[in-house]
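Biologist: Please take a close look at one part for me: the aromatic rings. Start with the overall fold, then go ring by ring.

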Amino acid sequence: RTAGPLPSRGDTDGEGWGVRGKMGPAGQTGDRGDQGQPGKRGPTGLVGGKGDMGPLGPAGPKGEKGERGKTGPPGICKCGQIILRSAFSVGITTSYPEERLPIIFNKVLFNEEGHYNPSTGKFICAIPGIYYFSYDITLANKHLAIGLVHNGKFRIKTFDANTGNHDVASGSTVIYLQPEDEVWLEIFYTDQNGLFSDPTWADSLFSGFLLYVDTDYLDALSDEDDL
């Protein structure tokens, strides 16, 4: 029997199959379907390396005030270990000194630290601070125009008129002095130098003393003592 073409699938007698035809062209893309259900969570990955430090964040809000701390131990005061003194009191043994020059008070009553010079009549500051100065002058026969001088400038002046009897002139003031500052008494008006002294019964005095030391100077001495 001579072989012929295979029967197609549509043959009714069912004796054979036809040859498969070629694939046709792709159809058009269909519409997107609905989103499916989420899948199961996958396994945890490995820990990554540490990243670089990020920039500094903005300052946070101010916190509430904390509780008061405990009282600390008392400090150590060394001020009592540093004793600074300056004082003098001097008199004069002659009368009617020359005007417009430092009056030489040559009778030393007290000058322990030696800050007053009896040869020049000047007090020379050695310790910076606040000083008190005063004078009590006996006058006779003339008027008295006397003043306290600080570095060449009058700080106070007093004038006493003589009425024919002995009298007493006085003055006082407070001055801040630096080291090497000079203070003295001086007659400031011509022929008004009625300063009188008689060692047997009348004195004329010039006095001064340190009230308190400059605190910065005292602190500096304390710091040096620590060294």
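Modeller: A contact means that heavy atoms lie within 4.5 Å. Among contacts in the protein chain between residues at least 6 apart in sequence, 72% join residues at least 24 apart. The model is predicted, so local features need pLDDT of at least 70 and side-chain atom pairs count only at pLDDT 80 or more, while totals for chains, interfaces and linings use all residues. Residues are numbered from 1 along each chain as its sequence is written, and side-chain values use heavy atoms, with hydrogens and water left out.

Now the fold. From the N terminus, the order is β-β-β-β-β-β-β-β-β-β-α.

On to the rings. The whole structure holds twelve aromatic pairs (rings of Phe, Tyr or Trp, its six-membered ring, with centres within 6.5 Å). One of them joins Phe-123 and Phe-133, with centres 5.6 Å apart and planes at 70°, so this pair is edge-to-face (over 60 degrees; stacked is under 30, tilted is the rest). Phe-123 sits in strand β4 (residues 122-124) and Phe-133 in strand β5 (residues 129-150), so the pair ties together parts ten residues apart in sequence. Phe-123 is buried, at 1% relative accessibility. Phe-133 is buried too, at 1%.

Phe-133 has another partner. Its ring and that of Tyr-131 have centres 6.2 Å apart and planes at 20°, so that pair is stacked. Tyr-131 is buried, with a relative accessible area of 0%.

Ring pairs link Phe-123, Tyr-131 and Phe-133 with Phe-88, Phe-105, Tyr-116 and Phe-206.

Other rings meet a charge. A charge sits over a ring if NZ of Lys or CZ of Arg is within 6 Å of the ring centre and within 35 degrees of the ring normal. Lys-157 lies over the face of Phe-154, at 4.7 Å from the ring centre. The charged end of Lys-157 also sits over the ring of Phe-188, 4.7 Å from its centre.

Terms used. Helix = DSSP H or I, 4+ residues; strand = E, 2+ residues; numbered from the N terminus. Buried < 20%, exposed > 50% of the residue type's maximum accessible area, 1.4 Å probe, protein only.
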